[in-house]
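Q: I'm new to this one and would like to learn how to read it. Can we take a look together?

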Amino acid sequence: MKERIIKIMEEKSYIPRTLSELAEILNVSELDLEKELQILVDEYVVRVTKKKKYDLLKKFNLHIGTIDIKEKGFGFIKSDDFAEEFYVSKDFIGDSMDRDKVLFSITSDNDAEGYKKEAAVVEVIERGLKLVLGKIINKKGKKTFIANDKKLDLIFKVNDFGIAVIDDVVVFEIKEYVNGKLVRGRIKEILGNINDVGIDIKSIAYKYEFSNEFPEAVIDELKTFSDDISSEAKKRRRVTGKVITIDSESAKDLDNAVGIRKLDNGNYELGVYIADVSYYVRKGHPLDNEAFNRGTSVYLTNYVIPMLPHKLSNDLCSLNPGVDRLIMGCLMEINPDGKVVNSEIFEGVIKTTYRMTYTAVNSILDNDKKVIEEFAEIAPDVKLMAHLAEILRKMRVRRGALDFDIPESKIIVNEVGKPIDIVPEVRGLGEKLIEEFMLIANETVAQTIENLHLPFIYRVHDEPNTFKLSKFSNVVRSLGYKLSIRKERVTPQALQDVLSDIREEDDGLRTLLLRMMAKAKYSEKNIGHYGLASVSYTHFTSPIRRYPDLIVHRLLRKYLIKNEVSVEDQEEVLDRITYIAAHSSKKERDAIECEYEVNDMKKAEYMEDYIGQEFMAKITSVTNFGLFASLENTVEGLIHISSLDGYYVYEELKMSLVSRNNAYRLGDIIKIRVKNASKETRQIDFEIVEDSRSEGRKKDNRKKQKSKS
């Protein structure tokens, strides 16, 4: 009966009806109909008016979604009924909290200018907050739970502390929302003591549902795996020749290897060999379910939360030298223009020749005679790889692929997890070489399946929002750069031309553009990859640490090795990978947010030792509430507008804060003092001591101010 009720209400001619009117239309008893209508009302499908008339909920401009509330108090609602998300201002959040399931109404349905559609929370349907991280403290001689998140305006009543003691870092499970701010619950889990090494990182990771602990079922499954793969190896092609891994010195999960040779026709034969994780991780088994739930490995300073247990990632699936390992291979013939003219994907077995590091490879490419002599057998191969990598790079540049080249840093911590240094990450030719080879392998695999028109999981990157790009265009043009726009569309090539022209003092434009780009994600629909200027792209090269890569391997085996391409199961495959793509994209975002949060915490903790000290800094962002400035080690702090002398006005077009006698803009070099830094709040505040901008720019600022007055 539910379907009949909904179908009638979806008709254009339908107007809200009473119970008796609906019963007559449906030719059913009012008693039976009332029960069905109540179920639909409880499920928030149908709404009943004050006059006891029934209609679909959405016809009242009411919808169901999940709210994501940000630190500053505003939020975004995602709903299954809409592709886009809705912005909710602080004033229209109501009493909803982060991750609540809410009933909302759309208040602004016009996004023609690029703004997100706006909404207001009408009612909280279901509380999303069920677990709260915090610690046990002593308050007036009694154990009391306090939350880590200071934004949670709740009073916690603990029914059961279990074995938790004072100074324990714990998880509070909410059992009941009593009224107002009062919640009741119990201590569900003890993460450790506040003085335990790494407890700060572990707490943040738990918040995003990442944990180093694996379920007992997974541990039991690992015990069934054998180190002996001789039987399987006999069924596979053995890769011969010189095959090497290139990774960092500290890496233990060596999931890719490469081999190269120059062909008689002048082309290059490049082999990219990836650990065959899918051989061990079987669909529907505990290990597979856990890998799916995690979605990705997470790298948090010196703390790694792996997607797969170390037995696989560091042992059975790690392409260590001198031992047989199962792989999925992608063998490509590439011409001197960087085009793949022939390729083959296969199951194989390899025994890598050398375990190379980026440092050693970079030394060979820098013509370090000692290192070249040490690796005399493969040094020519390494140089040939560098030559091919440069060909591939130039091919991507011609195509318009974007390279933001934004400086990154590495946080060095001591044995107790305290940050002792922050150093810029240096990417040499060795790192870039491997990156190019992985990119071309990912493209080749994606294009292979795309040509077969079979369900697949792609790595996609949508075009930037037109409104945001027009704002960026106005900014760069005001600074003297040219940005070509064709038919209201900016090509990747046009953006790459701007990135190539950006002067050192305007480096902040790179970050500004990056923030305006869409986020790459996984999808069953291939819309291409805008940032790589690629028509077809996937993730094939890291199945040890990314679940979509594992699925790609399974699909390759299904389609290319086993030839299972029946029409009957394609719909089921498509449904499954659609679900996997959405979940994996979410877990990737969670991992990124988790990494950002840990980095912000560690950087703030590091700067706590430098409060009061002065440094040179570059203005990297300008907002209506102040300036963000970055030190040479990439530590960024806020200079709030209230701390500036004089009255300043924000000029968005020129990315400037302007007063009557002065102006600060993107790229200015200033001298700052560390005003405050807090590990707990993860915030760093600077204040300006003096600026060191060029005399030319100072004169330009004064000249502009004079012309205005």
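Q: Which helices each supply at least two residues of the lining of the largest cavity?

A: Before we start, keep in mind that this is a predicted model. A cavity is a place where a probe fits but cannot get out. Here the helices are H11 (379–399) and H12 (429–452).

Q: Which residues line the largest cavity?

A: A residue counts as lining if it has an atom within 4 Å of a cavity point. In this case they are Leu 392, Met 395, Arg 396, Arg 399, Glu 436, Leu 439, Ile 440 and Glu 443. Sorted by type, that lining has four nonpolar residues, four charged ones and no polar ones.

Q: How much space lies in the largest cavity?

A: It's about 50 Å³. The count of cavities of 30 Å³ or more comes to one.

Q: Let's zoom out. Why does a radius of gyration of 29 Å agree with a compact globule?

A: The idea is to compare it with what a compact globule of that length would have. With 709 residues, that would be near 27 Å, so the 29 Å of this protein agrees. The C-alpha trace spans about 85 × 75 × 65 Å along its principal axes.

Q: How many helices and strands does the protein have?

A: There are 18 helices and 34 strands. As for contacts between residues at least 6 apart in sequence, 66% join residues at least 24 apart.

Q: What share of the residues is buried?

A: Buried means under 20% relative accessible area, and 48% of the 709 residues are buried. The protein exposes about 36700 Å², with carbon and sulfur atoms supplying 48% of that area.

Definitions and conventions: Residues are numbered from 1 along each chain as its sequence is written. This is a predicted model: local features need pLDDT of at least 70, side-chain atom pairs count only at pLDDT 80 or more; totals for chains, interfaces and linings use all residues. Side-chain values use heavy atoms; hydrogens and water are left out. On a 1 Å grid over the protein atoms alone, a cavity is a set of points where a 1.4 Å probe fits but cannot get out, and a pocket is an open set with protein on both sides within 12 Å along at least five of seven lines; lining residues have an atom within 4 Å of a point. Grid points are joined across faces, edges and corners, and a volume is the space filled by probe spheres set on the points. Helices (H or I, at least four residues) and strands (E, at least two) are DSSP runs, numbered from the N terminus. Ala, Val, Leu, Ile, Met, Phe, Trp, Tyr, Cys and Pro count as nonpolar, Asp, Glu, Lys and Arg as charged, and the others, Gly among them, as polar. The radius of gyration is taken over C-alpha atoms; the globule rule is 2.2 Å times the number of residues to the power 0.38. Buried means under 20% relative accessible area, exposed over 50%, partly exposed in between (1.4 Å probe, protein chains only). Contact means heavy atoms within 4.5 Å. Accessible areas come from the Shrake-Rupley method with a 1.4 Å probe; for residues, only the protein chains shown count as cover.
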